[in-house]
Amino acid sequence: MVRRFAAVLAAGLFATVAVAGTTAEPARAQDKSLTLCWASWDPANALRQLSKDFTEETGIEMNYEFVPWTNYADRFLTVLNSQGDLCDLIIGDSQWLGIGAEFGHYVKLNDFFSEEEISMDRFLDAAVYNYATWPKGTDNYWALPAMGDAVGYVYRKDWFQRPEIRKSFEQEYGYELGVPKTWQELMDVAQFFQGRTIDGKKRYGIALYTERGSEGITMGVTNALYAWGFEYDDPNNDYRMDGYVNSDKAVEAVKFYKKLYECCTPPGHSNAYMTANLDAYKSGQVAMQMNFFAFFPGIHKNDRVGGDTSGYFVNPTHGDKPRASVLGGQGISVVKYSDKQDMALEYIKWFAQPEVQKRWWKLGGYSVHKAVVNAPWFKDSAPFASEFLTAMSTVRDFWQEPTYAQLLQSTQKRMHDYIVADKGTAKEALDNLITDWKFTFQSVGKY
């Protein structure tokens, strides 16, 4: 789910020394323990619970460095860039694979996988591609897929089922109210609920990603771009972006997302990301929210909107374009600077086992092991399981480049300026984005 943040720029992406103010642990003795680094959220708590079995089986104690998502990239990229030994294992974003491989932060796992007969064929193809490989599409593995995730949607199933609401919707739009299958249907439903009074309270259509500072609006608008068939560059000519990034279909997608934001979001939703969307939905403000699947177990258990109150769906389609969902999630890597690599690899071997992966799913983690997601029981194991599998089979990611932070910040600025701040046109925003991206790629000799 949650992905990379602009704070990586402050972390000094290409730094080789520690940033001032960062505390580094002193060298540790060869005690029988490991430290695993990740973000602080519900799946991390599930992993802590799961890993008690590892300690029981091996005698290796597990320590954890879990930090809030807002500090996640800043904290751990600083540790890696300073060659610190805080983390023996790290669950890092897909964008970190290029950095981890090219700057020597991660242990390459090919020989280990071969020796232990850990086959990447046992995991979903899209997960292996996005969470494990660098360069992309090669058989060079730097992580084991750990936490699958993608952007999906939650809706107020109880409202959608009310006869009076269903009747009003059909009278207004000419078809039955249901889960939006296309972006136009998403717009129709959001417009219908916008400003509607339900149970004596004014409600709104949808909570979208609009946040400017880190990655939020990029993670939002790319849901529309992918649905319209967006390409980052010429499939036959790497980094050649003219006519692709600013294509007519890309312009149309960005304009549609802006229209959806302007017509159908709650008041003050101009700088919103995961937490803001969760708050808007749990408080009953909105009929739908965009968010990562990783949050859906918590929604299902929530006292106010859990159980049958909520339903879930994948990113809608547009026209005849293939389905696509924005990637979240991470892989787990062994840190090159750890003096406990053998024990860290033992954890990787343990975690890769099908039975462990099944327990991981049942505790609230998102396994992408085929023994889990292809099992007969999987689709009925949670109300969002089927949608998760569909999303994970069609995920697309942002640039997975060592320079992704600069690429991301350009996207954040150009998209927020147009969609939220109402500056210029969609075509101008995408043209300017190409200029920004060309500059970044030129600076590293890729354009």
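Guide: Domain bounds here come from an automatic or database domain assignment. This is a predicted model: local features need pLDDT of at least 70, side-chain atom pairs count only at pLDDT 80 or more, and totals for chains, interfaces and linings use all residues. Residues are numbered from 1 along each chain as its sequence is written, and side-chain values use heavy atoms, without hydrogens and water.

Visitor: What makes domain 1 and domain 2?
Guide: The assignment gives 31-149 + 329-396 to domain 1 and 151-326 + 403-443 to domain 2. Their centres, taken over C-alpha atoms, are 28 Å apart.

Visitor: How do you know that domain 1 is in contact with domain 2?
Guide: Contact means heavy atoms within 4.5 Å. By that rule, 17 residues of domain 1 touch 18 residues of domain 2.

Visitor: What is the area buried between domain 1 and domain 2?
Guide: Buried area is the accessible area (1.4 Å probe) that two parts lose on being put together, summed over both. Here that is about 1,700 Å², with 68% from carbon and sulfur atoms. In domain 1, Asp149, Phe384 and Arg396 lose the most area to domain 2, together 38% of what that side buries.

Visitor: How many salt bridges does the rule find across the interface of domain 1 and domain 2?
Guide: The rule needs a side-chain nitrogen of Lys or Arg within 4 Å of a carboxyl oxygen of Asp or Glu. It finds 0 salt bridges between domain 1 and domain 2.
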